[in-house]
Amino acid sequence: MTKLPQYGERYCHQSGWTVRIVNVKLTSAQTQLLNPEFTYEVVFSYDSSLKYSVMPLTWFAEVYNKIADAPVPKVAQNLTLPPCVNTIPRRTYYSARRPVEITEEHYSNFL
């Protein structure tokens with residue numbers, strides 16, 4: 001598997017059950033040293049029971065086939081609102097530094 005599974009993608013096992021990807025994470029450094037093949041672990045949930053399971057990516061790639069891409073987030077879809085709806089723009093966070101006022105008590109005077 002050259003591309004890592006993404007959140008929300010659906011896969012089908014050779015035996016027929018389906019799962020949904022929850023996360024792909026790096027294994028511990030000790031595990032990577034012992035077996036570099038198991039660098040990534042796939043966390044997934046079964047569609048039938050919603051139970052979670054974890055499996056090394058190499059094993060996952062051997063027994064699961066991708067059946068569906070991740071669903072498109074609803075925010076990304078083209079959304080048109082009627083003109084009577086007032087929208088509030090997202091707040092932009094920035095850190096504007098104020099110039100430092102160097103007084104007699106400023107720490108740089110004691111260096």
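This report covers the aromatic pairs and salt bridges of a predicted model.

## Aromatic pairs

The structure contains six aromatic pairs. In one of them, Y11 and F60, the ring centres are 5.1 Å apart and the planes stand at 70°, so the pair is edge-to-face. Y11 belongs to strand β1 (residues 10-13) and F60 to helix α2 (residues 57-63), so this contact ties together parts that are 49 residues apart in sequence.

F60 also pairs with Y64: the centres are 4.5 Å apart and the planes at 15°, so these rings are stacked. The relative accessibility of F60 is 0%, so F60 counts as buried. Y64, with a relative accessible area of 3%, is buried, and Y11 is buried. Ring pairs link Y11, F60 and Y64 with F44 and Y46 into a cluster.

Four salt bridges are found in the whole structure. D47 and R10 form one of them, with the closest N and O atoms 3.0 Å apart. D47 sits in the loop between β3 (40-46) and β4 (52-56), while R10 is in strand β1, 37 residues apart. Both are partly exposed, D47 at 27% relative accessible area and R10 at 24%.

E41 bridges to K25, with a closest N to O distance of 3.9 Å. E41 is in strand β3 and K25 in strand β2 (residues 18-26), so the bridge ties together parts 16 residues apart in sequence. E41 is partly exposed at 23%, as is K25 at 35%.

## A salt-bridge network

D69 and K66 form a salt bridge, their closest N and O atoms being 2.7 Å apart. Salt bridges with shared partners join these two residues and E9 into one network. D69 is exposed, at 55% relative accessible area, whereas K66 is partly exposed at 41%.

Methods: Residues are numbered from 1 along each chain as its sequence is written. This is a predicted model: local features need pLDDT of at least 70, side-chain atom pairs count only at pLDDT 80 or more; totals for chains, interfaces and linings use all residues. Side-chain values use heavy atoms; hydrogens and water are left out. Rings of Phe, Tyr and Trp (its six-membered ring) pair if their centres lie within 6.5 Å; planes under 30 degrees apart count as stacked, over 60 as edge-to-face and the rest as tilted. Helices (H or I, at least four residues) and strands (E, at least two) are DSSP runs, numbered from the N terminus. Buried means under 20% relative accessible area, exposed over 50%, partly exposed in between (1.4 Å probe, protein chains only). A salt bridge is a side-chain nitrogen of Lys or Arg within 4 Å of a carboxyl oxygen of Asp or Glu.
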